[in-house]
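Here are some notes for a colleague who is opening this entry for the first time. They are set out as numbered points, to be read beside the display.

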Amino acid sequence: MNKIKIKVNGKIKLITNSYKLSDLLKNLKIPMKKVAIEVNEEIIDKKKINSIKLKKNDKIEIVHFIGGG
Amino acid sequence: MKKDNLIIAKKKFRSRLIVGTGKYKTMSECAKAIKISGAEIVTVAVRRVNISDKRKPLLMDYIDPKKITYLPNTAGCFNSNEAVRTLRLAREIGGWKIVKLEVLGDKENLFPDMIETLKSTEVLTKEGFKVMVYCNDDPLMAKRLENVGAAAIMPLAAPIGSGLGIQNKINIQIIRKQTNLPLIIDAGLGQASDATIAMELGCDGVLVNTAIAKAKKPFEMALAFKNAVVAGRQSYNSGRIDKILMGNPSSPFEGII
């Protein structure tokens, strides 16, 4: 099957063509209540992740809170 | 005694000590120090989730955001765009509106870039954020931040993590005199007495991270800061005596044998 290249938190990842954002997050076991997500620097409404199909060269950022001053 | 709460963006807090959650040896040490400090607000940073090591402990598992107010920061941001982007993400995680803006200008001294800070304060305020602003101790900049809608003014005592204590008391006093906004000393404190001095200058609170996290005994230091903030506030509220040059005996001369 055709694979496409995306970047997740700065790391290259190969995914299948019909991969959705929700598939990626499930696959990475991301605790949805504790994160925020950007695709190509646009914040994604977490309720809509099922409807977002990932495209070649998409840049996904998944962030959470860590210790800081 | 009447209640003496810290009020930020109409939210009331009993504790005037805000604690940073960075630099602790472990998450559990951090959580325990916060508990001992009595802090009700803690600063947190926004960073990438580690997608290759998912067993790494999460801050939220140790510090319950329902019990302790998270104050997301923009540490590590060097311009307005990065800072605004970071805080939009922070809001998305769980609806946080009260935020700490910190736009740095130099990697060595970690002083704030006040031009970028002012720009970001304006943008964020227009988007509905309540922005607590890390800034230098310049009364003119403090005024400008206030004019664009800052929710709190947070001047540094000294460079972040330096432990040098308040370097410019006069400026802090001038800022205190000119603003009714919450005034919180952020960065540079080294020991508990520094916090007392800040409170005696009329500040509404202090934000401490390194001085507690890196103390040889963080739990004891957390308690020391808690007490120091309370002592300083009580002292400020009590109205200190005037300073005079010569002695003034505490025992009367009258009736001396």
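Which strand of chain B do three bridges join to S3(B), and do the two run parallel or antiparallel? The partner is strand S10 (residues 205–208) of chain B, and the pair runs parallel. What follows describes a predicted model.

1. Strand S3 of chain B. This strand spans residues 17–20, and three bridges also join it to S4(B), again in a parallel arrangement. Ile18(B) has a bridge partner on each of these strands: Leu207(B) in S10(B) and Ile41(B) in S4(B). Gly20(B) is paired with Thr43(B) of S4(B). Both faces of S3(B) are covered. Leu17(B) and Val19(B) are buried on one side, while Ile18(B) and Gly20(B) are buried on the other.

2. Strand S4 of chain B. Six of the eight residues in S4(B) are buried, which leaves the strand mostly covered. Besides its parallel pairing with S3(B), S4(B), residues 41–48, is joined by five bridges to S5(A), and these two strands run antiparallel. Within it, Val63(A) is set opposite Arg48(B), and Gly67(A) is set opposite Val44(B). As background, strands in a sheet pair through hydrogen bonds of the backbone, in either a parallel or an antiparallel way.

3. The contact between the chains. How many residues of each chain take part? On chain A there are 20, and they are in contact with 27 residues of chain B. Two strands of chain A, S3 (36–39) and S5 (59–67), each supply at least two residues of the side that touches chain B. S5(A) gives the most, with seven residues. Sorted by class, this side of chain A has 10 nonpolar, five polar and five charged residues.

4. A three-strand sheet in chain B. An open sheet has the strand order S6-S7-S8, with parallel pairing. S6 (98–101) and S8 (152–155) are at the edges and have a single partner strand each, so one side of each is left without a neighbour in the sheet. From one strand to the next, the twist averages 20 degrees. Between S7(B), residues 130–135, and S8(B) there are four bridges, and the two strands run parallel. In this pair Met132(B) stands opposite Ala152(B). Helix H4 of chain B, residues 114–126, packs on the sheet and touches S6 and S7. The direction of H4(B) makes about 175 degrees with that of S7(B).

5. Helices H1 and H9 of chain B. H1(B), residues 27–37, packs against H9(B), residues 218–238, with the axes 8 Å apart and at an angle of about 25 degrees. The two helices are therefore roughly parallel to each other, the cut-off for that term being an angle under 35 degrees. Their crossing is right-handed. From H1(B) the contact includes Glu29(B), Lys32(B) and Ala33(B), and from H9(B) it includes Pro218(B), Phe219(B) and Phe225(B). By class, seven residues of this contact are nonpolar, one is polar and three are charged.

6. Helices H7 and H9 of chain B. H9(B) also meets H7(B), residues 192–200; the axes come within 7 Å and cross at roughly 25 degrees. H7(B) is therefore roughly parallel to H9(B). This crossing, too, is right-handed. Among the residues in contact are Ala192(B), Thr196(B) and Met199(B) of H7(B), and Ala224(B), Phe225(B), Val229(B) and Tyr236(B) of H9(B). The contact has 11 nonpolar, four polar and two charged residues.

7. Lys10 of chain B. Is Lys10(B) buried or exposed? Lys10(B) counts as exposed, because there are 8 C-beta neighbours inside 10 Å and the limit for that class is 12 or fewer. Lys10(B) lies in the loop between S1 (6–8) and S2 (11–13) of chain B. The C-alpha atom of Lys10(B) is separated by 9.7 Å from that of Ala151(B), although the two residues are 141 residues apart along the chain.

Terms used
Residues are numbered from 1 along each chain as its sequence is written. Chains are lettered from A and ligands numbered from 1 in the order in which they are written. This is a predicted model: local features need pLDDT of at least 70, side-chain atom pairs count only at pLDDT 80 or more; totals for chains, interfaces and linings use all residues. Two residues are in contact if their C-beta atoms, placed from the backbone, lie within 7 Å. Ala, Val, Leu, Ile, Met, Phe, Trp, Tyr, Cys and Pro count as nonpolar, Asp, Glu, Lys and Arg as charged, and the others, Gly among them, as polar. Two strands pair if DSSP finds at least two bridges between them. Axes are lines fitted to C-alpha atoms, for helices over the stretch in contact, and angles run from 0 to 180 degrees between N-to-C directions. Angles under 35 degrees count as roughly parallel, over 145 as roughly antiparallel, 65 to 115 as roughly perpendicular and the rest as oblique. A crossing is left-handed if the near helix is turned anticlockwise from the far one by less than a right angle, and right-handed if clockwise. A residue is buried if 20 or more other C-beta atoms lie within 10 Å of its own, exposed if 12 or fewer, and partly exposed in between; C-beta atoms are placed from the backbone.
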